[in-house]
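Subject: Structure handover

Hello,

Here is the structure I said I would pass on. My notes on the charged residues follow below it.

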Amino acid sequence: MTNTILYIEDDTEIGTFTKAFLESKGFEIIWLKSSYDHEKYVEKADLVLLDIMIPGLDGFTVGQRIKKRNAETPLLLQTARTSIEDKLKGLNFADDYITKPFHPEELAARIDILLRRFDKVSEDCIEIHHLKVNIKEKRLINVEKGEEILLTEKQLKIFFYLLRHPNQILTKEQIYEMVWERTFIEGDKTLMVHIRHLRQKIEKDPNNPKIVETIRGIGYRIRQ
């Protein structure tokens, strides 16, 4: 499955660029702009990418708490601080440390190394019914037709979010708020419309879906 990174960074410009770059590498990113509520998301993360200078508790305090409770979750610190004292302080609990400005490919390489060290590397490809899904490249192939299925940005986000939770029922609210990053309003048909269009592309029979199932009154799930 796709590896998920909890990314805590308050700088909007840096955060927007880094999030887009890591998503292009096949990662799912949960981006927080402060340390508030980070505890909600740590359990979902395969790796934490943490800036030191953030609103709320500083990165040193947050990082120490995360590693105390989630020792098996790799933690990568990033900061503009360059003093050896800060690096040593960070490496007392963090698994690696990268100094701003950094090259995005170096960041991706450090993340890959940590994921492998902690044995959290996801499969590159999986098969679901007639689909072959390349997790890293976020590509879908219809094996029977030998054709690539092209999805929109929102369709990709919906599909891969469901795919991260195989056989698990996800509510409409969960899916909507993860994909659109805003509060779900009861009665909004946006998600339903996108699911219908997604099924038209990936299901053999969109009227009798076998991949993305509707759980009436609750939400959706992907069956494997």
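Lys19 has a relative accessibility of 11% and therefore counts as buried, the cut-off being under 20%. Please keep in mind that this is a predicted model.

Lys19 is the salt-bridge partner of Glu23, with 2.8 Å between the closest N and O atoms. Both residues belong to helix H1 (residues 12–24), where they sit four residues apart, about one turn of the helix. Glu23 counts as partly exposed, at 25% relative accessibility.

The structure holds 13 salt bridges. Another of them joins Asp51 and Lys100, whose closest N and O atoms are 3.0 Å apart. Asp51 is in strand E3 (residues 47–51) and Lys100 is in the loop between E5 and helix H5 (104–117), so this pair ties together parts that are 49 residues apart in sequence. Asp51 and Lys100 are both buried. Together with Glu9, they are linked in a network of salt bridges.

Arg221 pairs with Glu213 in a salt bridge, and here the closest N and O atoms are 2.8 Å apart. Arg221 is buried, its relative accessible area being 17%.

One more residue is worth a look. Asp96 is part of strand E5 (residues 96–99) and is buried, with a relative accessible area of 17%. The side chains of Asp96 and Arg110 make a polar contact at 2.9 Å. Leaving aside residues up to four places away in sequence, Asp96 touches Leu75, Leu76, Leu77, Leu91, Arg110 and Leu114.

Regards

Technical notes. Residues numbered from 1 in each chain as written. Predicted model: local features only at pLDDT ≥ 70, side-chain atom pairs only at ≥ 80, totals over all residues. Heavy atoms only, no water. Helix = DSSP H or I, 4+ residues; strand = E, 2+ residues; numbered from the N terminus. Buried < 20%, exposed > 50% of the residue type's maximum accessible area, 1.4 Å probe, protein only. Polar contact = N/O pair within 3.5 Å; in protein donor to acceptor, adjacent residues only side chain to side chain. Contact = heavy atoms within 4.5 Å. Salt bridge = Lys/Arg side-chain N within 4 Å of Asp/Glu carboxyl O.
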